Amino acid sequence: MNTRKYEAFYIVRPNLNDAEVQAIADKFKGVVETQGGTVERAAKWDKRKLAYEIDGLKEGNYVLMNFEAEAKVPQELSRQMRISDDVIRHRIFLREA
């Protein structure tokens, strides 16, 4: 099994409360784990102002997740984030070893 380290950074809608943001974070953590990956850390940041307006929104809840998995896992995670109505933007980076 050839695993690599990744960092998923995503922004969810600002009108969600902490429990709803945590539920979304747990859902994406579950996606990684069911695909055979391991989540090192998943942390919710504060609600912050966006650099530019996205779909009429001026702020969002930022979430950062570090995980280790095979190459197919970030693809599936990205697909799930794309179809989620609560995720405004997302990015998945390959971390240096």
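This is a predicted model: local features need pLDDT of at least 70, side-chain atom pairs count only at pLDDT 80 or more; totals for chains, interfaces and linings use all residues.
Local features need pLDDT of at least 70, side-chain atom pairs count only at pLDDT 80 or more, and totals for chains, interfaces and linings use all residues. Residues are numbered from 1 along each chain as its sequence is written, and side-chain values use heavy atoms, leaving out hydrogens and water.

**Overall fold**

The protein has two helices and four strands. Along the sequence they follow the pattern β-α-β-β-α-β. Helices (H or I, at least four residues) and strands (E, at least two) are DSSP runs, numbered from the N terminus. The radius of gyration is 13 Å, close to the 13 Å that the globule rule gives for 97 residues, so the protein is as compact as a globular protein of that length. That radius is taken over C-alpha atoms, and the globule rule is 2.2 Å times the number of residues to the power 0.38. The C-alpha atoms fill a box of roughly 45 × 25 × 20 Å along the principal axes.

Of the 97 residues, 38% are buried. Buried means under 20% relative accessible area, exposed over 50%, and partly exposed in between (1.4 Å probe, protein chains only). Contact means heavy atoms within 4.5 Å. Among contacts with a separation of 6 or more, 72% join residues 24 or more positions apart.

**Strand pairing**

Strand β1 pairs with β3 in the antiparallel sense over nine bridges. Here V12 has N61 in β3 as its bridge partner. Strand β1 also pairs with β4, again antiparallel, over seven bridges. In this pairing E7 stands opposite F93 in β4. Two strands count as paired if DSSP finds at least two bridges between them.

**Helix α2**

Helix α2 covers residues 72-83, 12 residues in total. From first C-alpha to last it reaches 17 Å, close to the 16 Å expected at 1.5 Å a residue. The expected span is 1.5 Å times one less than the number of residues. Its buried residues are V73, P74, E76, L77, S78, Q80 and M81. They pack against β1 (4-12), α1 (18-34), β3 (57-69) and β4 (87-94).

**Nonpolar cores**

A nonpolar core is a set of buried Ala, Val, Leu, Ile, Met, Phe, Trp, Tyr and Cys residues joined through side-chain atoms within 4.5 Å. The largest one holds 20 residues, and Y10, F28, M65, F67 and L77 touch the most other members. β1, α1, β3 and α2 each give two or more residues to this core. Helix α1 gives the most, with six residues. Apart from this core lies another, of six residues, among them I54, L57, Y62 and I88.

| Residue | Element | Relative accessibility | Contacts |
|---|---|---|---|
| Y6 | strand β1 | 7% | M65, N66, F67, A69, E70, A71, P74, I92, F93, L94, R95 |
| S78 | helix α2 | 16% | H90, I92 |

Y6 counts as buried because its relative accessibility is 7%. S78 also counts as buried, at 16%.
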